[in-house]
Structures are given as C-alpha cells and as structure tokens.
Amino acid sequence: MKHFILMIFTLLSLFSCATAKKAPVNSMTSYSYSYSSSPAYNHNEYSAKLLEDGSCQIGFAHNEQGDTIIVGGDVMKQIEAIYRKHKIYNYKNKYTPAFEVLDGDSWYYSAYFGKESFSSSGSNAGPSDRGLSEINNVIINLLRKNYSKQYCGSTWQGKIKDNDLNVMFTEKDSVVSVSIQLSNGEGTWLSVAGDLEAYNDALASFHGQLKNQLVDTPKPVVTCVDVYVKPEAEEISISLSGNDMTPLIQDNIEGATWEDHSYIPMKKINQ
C-alpha cells in the first residue's frame with residue numbers, strides 16, 4: 001500500500017512538472033491581446049513590439065480601426081515587468097466556464113521573448129488576477145497622452161463642398177471633448193459639441209457620439225454624429241456620419257448629403 005501511495009505521489013509530481021511553465025529566459029520582444037464580445041460586434045486589439053532601433057511600437061484598434069505610435073524602449077520593459085510580476089507566463093492554455101455559455105466574451109494573448117513564446121485564451125472565463133488589464137492600460141494611457149498632445153488646443157480645418165469645416169479638441173480633467181462647426185458665406189448652419197465616448201475607458205482614435213447643440217435652427221437636425229480621426233503627421237482625415245439630415249437636404253443646403261462626408265482631409269491651422 002505504501003508503495004502504491006508513493007507511486008501516485010510520484011506520478012502527480014511528474015505531471016505537475018510537465019505542466020508547469022518556467023519564466024521566460026530572454027527579454028520580451030512583442031505582446032498582443034485581443035478581446036471580442038457578442039452578439040454585438042465589439043473587438044479590441046492591443047499590441048506592443050520592440051523595433052530594431054530599440055524603440056517600441058504600441059497600438060490599439062477598435063473594430064479594426066485604430067492607430068500605432070512609437071515610444072521609448074523602456075515601455076516594453078515596463079510591460080515585461082508587469083508580465084513577470086503576475087506570472088502571466090504561467091496562465092493556463094485555455095480558460096472555460098464551468099457551464100456552457102452561448103455567445104459571450106472571448107480573449108487571446110501572446111507574448112514573445114526572442115524565439116520563446118507564451119499564449120493563453122479564454123471564452124467567458126479567465127484568470128483571477130488583472131495582469132493583462134494592467135498591461136493594456138499602459139498601452140491605452142500612452143495613446144491617450146499622445147492624442148491629447150497632438151490634437152488638444154488646436155483647430156483643424158477642412159471643406160465639405162462649399163462649407164468650411166472646423167474641428168476643435170479640448171481636454172479637461174482627462175476628458176477629451178470635440179466641437180464641430182460647419183459654415184458657409186452666410187454664417188454657421190451646423191454646430192455640434194460633446195464629450196467623446198470611450199471604449200474600454202480609452203480615447204484611442206477619437207471615436208464616439210456627440211450630443212447636439214444646434215445653433216440658429218428651430219428644429220432638430222442631427223440626432224447622432226460619429227467621429228473617427230486617422231492621424232497623419234500635421235494632417236488628419238475625419239470621417240463623419242449622422243442621421244435625420246432630411247431638413248437640411250429639403251432646404252437645399254449645399255453639403256447636406258451626409259453620406260458623402262467620409263474621410264475629409266484636414267490641416268492644423270493653429271496650436
């Protein structure tokens with residue numbers, strides 16, 4: 001009996017050694033994380049990659065729209081420190097709930113340390129600690145600071161047919177707001193402003209809904225404005241969409257065909 005018990009403990013010990021993951025030997029070279037929820041389409045991606053010159057490229061995308069920026073290589077060291085602190089390399093290969101769940105949330109992460117790689121995934125289940133969330137917050141906060149520095153306090157100008165389009169970004173207490181104004185030679189015919197909604201407490205790519213603050217019009221015109229800004233150095237392109245534009249079109253206001261207002265090129269006119 002003693003021999004049998006000893007054999008069981010030996011087997012369990014061997015099994016534990018076989019499944020336990022050792023900490024990575026080399027330094028981290030890349031990290032990626034993706035999260036999707038259903039039935040509504042909501043997909044977020046976070047990434048960090050060490051470049052040949054020692055800098056780090058970080059990025060965030062929401063439903064395949066997003067941006068990347070280049071930061072110092074110390075950011076990768078910061079991400080790696082969080083990774084090792086939470087022993088994320090020791091996460092299970094896959095997390096599943098005790099009971100079957102239809103639809104729901106799913107996630108996946110991978111990290112490379114030279115040729116050595118680690119990964120984990122889950123569907124409606126995950127590890128108890130917040131290690132991955134801490135890493136993702138590092139990425140998001142860096143993007144947030146970059147956007148605030150690049151956009152806030154400046155005016156961007158473009159054209160929609162014969163209408164002047166002005167966009168201004170402002171920040172107060174870490175909340176970024178945007179105002180949009182369309183005008184022609186006869187004055188302003190549309191003005192909307194509001195705080196940008198964020199996905200996952202982030203402001204990446206400036207995508208959100210604006211509440212109406214219409215000027216000089218007795219009837220509501222735009223019930224929704226969606227804004228997506230893609231930066232390119234000192235120029236941006238902005239995509240606008242809305243609904244209930246019929247009153248403007250009926251009044252023959254030029255530029256009121258809202259469906260045409262996509263990826264409008266804009267330039268910074270002051271800072």
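Analyst: Let's start with rings: those of Phe, Tyr and Trp (its six-membered ring) pair if their centres lie within 6.5 Å, and planes under 30 degrees apart count as stacked, over 60 as edge-to-face and the rest as tilted. This is a predicted model, where local features need pLDDT of at least 70 and side-chain atom pairs count only at 80 or more, while totals for chains, interfaces and linings use all residues. Residues are numbered from 1 along each chain as its sequence is written, and side-chain values use heavy atoms, leaving out hydrogens and water.

User: How many aromatic pairs does the structure hold?

Analyst: There are twelve aromatic pairs. Ring pairs join Tyr31, Tyr33, Tyr46, Phe60, Tyr83, Tyr89, Tyr91, Tyr95, Trp107, Tyr109, Phe113 and Phe118 into a cluster.

User: Which residues of helix 2 and helix 3 meet?

Analyst: Contact means heavy atoms within 4.5 Å. In helix 2, Val75, Gln78, Ile79, Ile82, Tyr83 and Lys85 meet Gly131, Glu134, Ile135, Val138, Ile139 and Leu142 of helix 3. By class, this contact has eight nonpolar, two polar and two charged residues. Tyr83 also belongs to the aromatic cluster.

User: At what angle do their axes cross?

Analyst: Helices are DSSP runs (H or I, at least four residues), and angles run from 0 to 180 degrees between N-to-C directions. Helix 2 (residues 74-85) and helix 3 (residues 131-151) have axes that come within 8 Å and cross at roughly 165°. The two are therefore roughly antiparallel (over 145 degrees).

User: Where is confidence lowest, and where highest?

Analyst: pLDDT is the predictor's confidence in each residue, from 0 to 100. Confidence is lowest in helix 1 (residues 2-19), at a mean of 46, and highest in helix 2, at 97. The protein's mean is 75, and 65% of its residues reach 70 or more.

Definitions and conventions
Parallel < 35°, antiparallel > 145°, perpendicular 65-115°, else oblique. Nonpolar A, V, L, I, M, F, W, Y, C, P; charged D, E, K, R; others polar.
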